[in-house]
Amino acid sequence: MTQNRGRRSELRWDPQAIDKKWQTKWAADKLHHVDNDDPRPKWYEMTMYPYPSGDVHIGHWYAMSPSDAHARFRKMQGYNVLHPMGFDAFGLPAENAAIRDGVHPQPWTMANIDKMRGQLHSMGTIYDWDREIICCLPEYYQWSQWLFLQLYKVGLAYRSFAPAVWCPSCQTVLANEQVVDGECERCGTLITRRELNQWFLRITKYADELLDGSGLIDWPEKIMIMQRNWIGRSEGAEVSFDISHLGLDEKDLKVFTTRVDTIFGVTFLVLAPEHPLVSALTSPEQRDAVEKYVAEARAKSDIERMATDREKTGVPLGTYCINPANGQQVQLFTADYAVAWYATGAVMGVPAHDQRDFEFATKFDLPVVTVIAPEGSTGTEVLEAAYTESGTMVNSGDFDGMPNKQGLDAIAANLDARGSGHKTQIYRLRDWLVSRQRYWGTPIPIVHCPACGQVPVPEDQLPVLLPEDADFQPTGESPLARNEAFVNTTCPKCGNTDAKRETDTMDTFFDSSWYFLRYLSAHDADHAFDPEQVKKWAPVDQYTGGAEHAVMHLMYARFFIKALRDIGLLQFDEPFLRLFNQGHIIADGAKMSKSHGNVVAPDEYVHSVGADVVRTYLMFVGPWEGGGEWVDGGINGITRWYNRVWDILERDPGILKAGDDADGSRELRRKLHQTIRKVYQDLDAFKFNTAIAALMELTNTMQKVWDAGSASKAAWVEARKSFLVLLAPISPHLTEEFWERIGEKQSIHLQSFPAWDDALAVEETVTLVVQVDGKVRDKLPVPLDITEDDAKELALSQENVQKHIDGRAVAKIVYVPGRLVNIVTKA
């Protein structure tokens, strides 16, 4: 896209000189250093740390500069503010770059971090860089390994064979949350499945607690809805269908249903292709067809398989089970719309009361038995589609005539009494798959011993370091598995020299599930986090970032804190008390991305107009939560406003009146106190665009009273100082420069936010609407305390009002104090 970067000659100041001057001084003075012993109340505010892709683009600025302004605002309110920054430095992009370019991920990543750190400095943020964390460094991932071992000790980390979501392009396992529309979120390749022995974290143990958001102070409801939907708690019953006649070790086939009231209408039962009993339940005659179907189904994505609008497919197994409700034989099928990871992986087919089952039954010519009938029906009618509403139970034995809602409990109780079922609940949420068959991640600290099995690496041997000489070419197994010097080791328990190290690495979401704790003691060599600093600072008071992390990072972090609490490492329940999600900055109508070719690089804008103009434009472009579009002409408008601001602030107040009773002084003070109140409320609520609009209105008033010569020196000086402090969180460099120019010695960023006086902010006049027979004929500025008689008299005296009364008699005059006079005439 074309970038119109403006011209230095348009500016009243030298942005490069001013930005560099103050960034250098702030660093020398350690202005942004956070003292743990500061007696002020703490405020821990974070924005999600970036992946070091190589360049900070305008999208990063859009996420980070408003959050920086909010943190600065909290500091001016009197808080000891911690607003740290780090880098999410492990992950696929670095390894893919290594494969593509033949470079090692470590120097590639660290070079990108050096570049991005400099760009973040240019933003003028208040990050305390002494607390920087970089997840790919041993001083960080040592403690990720230590935390993994704590989870392992209590059974929250475990290894198990399971069908894994596999990306053929990235050659690695993906978590369910990393699949978008059946494709890898990273590269867009259609996913497949593989059976692998992998590591999981037992997040499902906390499903009910994760559903409870009572410990959160202020989270967007849409995020909580997304998390509740992902956890997906369903109430129902588990029913045992008898397969003892088949001579297997398993005597029952377990099925979960939310509609146990329809059990008498079951005419077939479907098993997921991955169900462990599919092979055993398949007759010899059907084996070839079933195995072919299973292989085809495993190559499809869950999205494709579960789509409601696709033609239903399946294959009969050639066997049957027994319905515990009525003793009837039920034919068994495998069909790809059933998935192994949901509930028991087996679904009962009730075609009369489920449209998907109805379509399946129609295709395979299976019976359709009505067991719930609408009012006035006997249930004998031929159905053209499934009946899914409430009604009366029919063809249901002893339960005939019962409302089906009542039947839910009655049938569940009957099955329970006979040992054939019970009420339960299931969750869509699966345990968190943390294994990755890639190099650039935290090594999992487990040794596999032929004699001892899984053996944790002793804590005094951490970190397990990544070897520097790994082969990164993707083969479907971890690159570490081909590095003999890494793999071959001695069992730390029995000394067996044939032991092997675990070669999978951890999902990078493991790192970000606790990084907010590491900021509190970023370089502590003895602890993952200092318990005393955790007591002082945690939990995070305000977290900002994208809503796209709702069901991954945000939920994983919530699980992590609850697990560490139960282990005894923490004493709080939630990581982030408040959450605010910003929108996306777009360009040329699309979200900025390299693939769209619309990424706007900030460096040249910062060079030409300065960091503060870029920051202000991004905060003014629209509501932060709604996002906005980058338009070059918009930033030029902000540049023109700052030129006007520069002109206004440079004026010598010494030429103004010494007295303080001028009308202009009252007008300026009224607008000033209105602005202080407005900016305070807006910054508190992340409404940066309206806060800036209020500051623009204040500069208009300042211009007006200056031109009229109607303000006093005292009123002007008060307005000028307060204006600078109000603007400081948004525009840190220029306000610091002018603060010094007007003779102030202490940094503007150490000032308190101005207080407002509601009495001074009250408007002295109001607009009185005058109507004649209900139609507006005039609008009059009147004193706020105007009496009713004076208001009516003033309204009647207006020429346009008399014109529309047109000589008619006045029947009555309706008066709404301070708002309206309605003159009603006689017809």
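Two strands count as paired if DSSP finds at least two bridges between them. Strands (E, at least two residues) and helices (H or I, at least four) are DSSP runs, numbered from the N terminus. With that in hand, here are my notes.

1. **What you are looking at.** This is a predicted model, in which local features need pLDDT of at least 70, side-chain atom pairs count only at pLDDT 80 or more, and totals for chains, interfaces and linings use all residues. Residues are numbered from 1 along each chain as its sequence is written, and side-chain values use heavy atoms, with hydrogens and water left out.

2. **Confidence.** pLDDT is the predictor's confidence in each residue, from 0 to 100. The protein chain averages 92, and 96% of the residues score at least 70. Please treat residues 1-9 separately: pLDDT stays under 50 there. For that stretch the model has 24 contacts (heavy atoms within 4.5 Å) beyond four places in sequence.

3. **The hairpin.** Strand 13 (residues 315-322) and strand 14 run antiparallel and are joined by five bridges. Pro316 stands opposite Phe333 in strand 14. Six residues lie between the two strands of this hairpin, where Gly327 takes a positive phi near 75°.

4. **Another partner for strand 14.** Strand 12 (residues 268-271) runs parallel to strand 14 (residues 329-334), with four bridges joining them. Leu269 has Leu332 as its bridge partner in strand 14.

5. Strand 28 (residues 585-587) runs parallel to strand 30 through two bridges, and Ile586 stands opposite Glu629.

6. **Helix 5.** This helix covers residues 138-153 and reaches 22 Å from its first C-alpha to its last, close to the 22 Å expected at 1.5 Å a residue (1.5 Å times one less than its number of residues). It is largely enclosed by the rest of the structure, because 13 of its 16 residues are buried (under 20% relative accessible area, 1.4 Å probe, protein chains only). Just after helix 5, Gly155 takes a positive phi of about 80°.

7. **The largest core.** A nonpolar core is a set of buried Ala, Val, Leu, Ile, Met, Phe, Trp, Tyr and Cys residues joined through side-chain atoms within 4.5 Å. The largest has 174 residues, of which Tyr515, Phe516, Leu517, Phe560 and Trp630 touch the most other members. Helix 21 (residues 688-708) supplies its largest share, ten residues. Beyond its neighbours within four places in sequence, Phe516 contacts residues including Tyr44, Met46, Val540 and Phe576.

Key
Buried < 20%, exposed > 50% of the residue type's maximum accessible area, 1.4 Å probe, protein only.
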